[in-house]
Amino acid sequence: MEYKEDEYLMLSGIQHFAFCQRQWALIHIEQQWAENYQTTSGMLMHGRAHEDGLYELRGDLLTVHNLRVSSRKLGVTGQCDIVEFHRVINGITLHNYEGQWDITPIEYKRGTLKEENEDEKQLCLQAICLEEKFQTRVPFGYLFYGENRRRFKVEFTEELRNDVMKDVKEMHRLLDRGYTPKVKKTKKCRACSLKDICIPNLNTNKNVGKYIDQHIMET
Ligand code: SF4
């Protein structure tokens, strides 16, 4: 099965979905949004990573910033912060660049490596899109964290790929149903950019916008 473009989900949404399914639904189904320090700071960092359409060739390394990617098979679209193409003996060919190349995606994040794997999932989904675009295998990538300015290697194992594909399938299912999952209060709620509009104590699966409208009508 292949998705049509108007059915595509935002690739970056998988990090919200992996963090909290309700957070993803509030942003991507109900179109609620709130900025806190983490998201604002993250955007500033992305501003530096996203120097639109910049191609830099230095020797055997071609660095592409802000590369747009999509997957018809998974129905997602988005962009990669940075993709490094390394000149190799056996790789893919690129228009306008001599030789053969392999592919390594790099995603920029604020903070440090997280306990859970939402960033790994986002990077892996980028890799799956790159594989579809260039018809090759992308075995690993890197996450670069701004706080300690270090990058960590992420292997795209079968287990990680399967988890990512399962998440994307579930995101499409929830979007089709227009369903916002119920609150599951966890320690993540404290750092959640949507905690003020999630209404975590409400413990409901009602549409938040409708709840607020109803509440205003009753007061
Ligand atoms: S406050 Fe908690 S339950 Fe609500 S969206 Fe954020 S993480 Fe999810």
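## The ligand pocket and a hairpin

Eleven nonpolar, three polar and six charged residues make up the lining of the second largest pocket; here Ala, Val, Leu, Ile, Met, Phe, Trp, Tyr, Cys and Pro count as nonpolar, Asp, Glu, Lys and Arg as charged, and the others, Gly among them, as polar. This is a predicted model, in which local features need pLDDT of at least 70 and side-chain atom pairs count only at pLDDT 80 or more, while totals for chains, interfaces and linings use all residues. Residues are numbered from 1 along each chain as its sequence is written, and side-chain values use heavy atoms, with hydrogens and water left out.

A pocket is an open set of points on a 1 Å grid over the protein atoms alone, where a 1.4 Å probe fits, with protein on both sides within 12 Å along at least five of seven lines; lining residues have an atom within 4 Å of a point. The second largest pocket holds about 360 Å³ of space, a volume being the space filled by probe spheres set on the points. Among its 20 lining residues, F19, C20, Q21, R22 and K184 are the closest to its centre. Helix α2 gives the most to this lining, with four residues (helices are DSSP runs of H or I, at least four residues, and strands runs of E, at least two, numbered from the N terminus).

The ligand takes the space of this pocket, meaning that more than half of its atoms lie within 2 Å of the grid points. The residues around the ligand include F19, C20 and K184, each with a heavy atom within 4 Å of it.

| Set | Nonpolar | Polar | Charged |

Elsewhere, strands β2 (residues 55–58) and β3 (residues 61–71) run antiparallel, joined by four bridges; pairing requires at least two DSSP bridges. Y55 stands opposite V64 in β3. Two residues lie between the strands of this hairpin, and G59 in the turn has a positive phi of about 60°.
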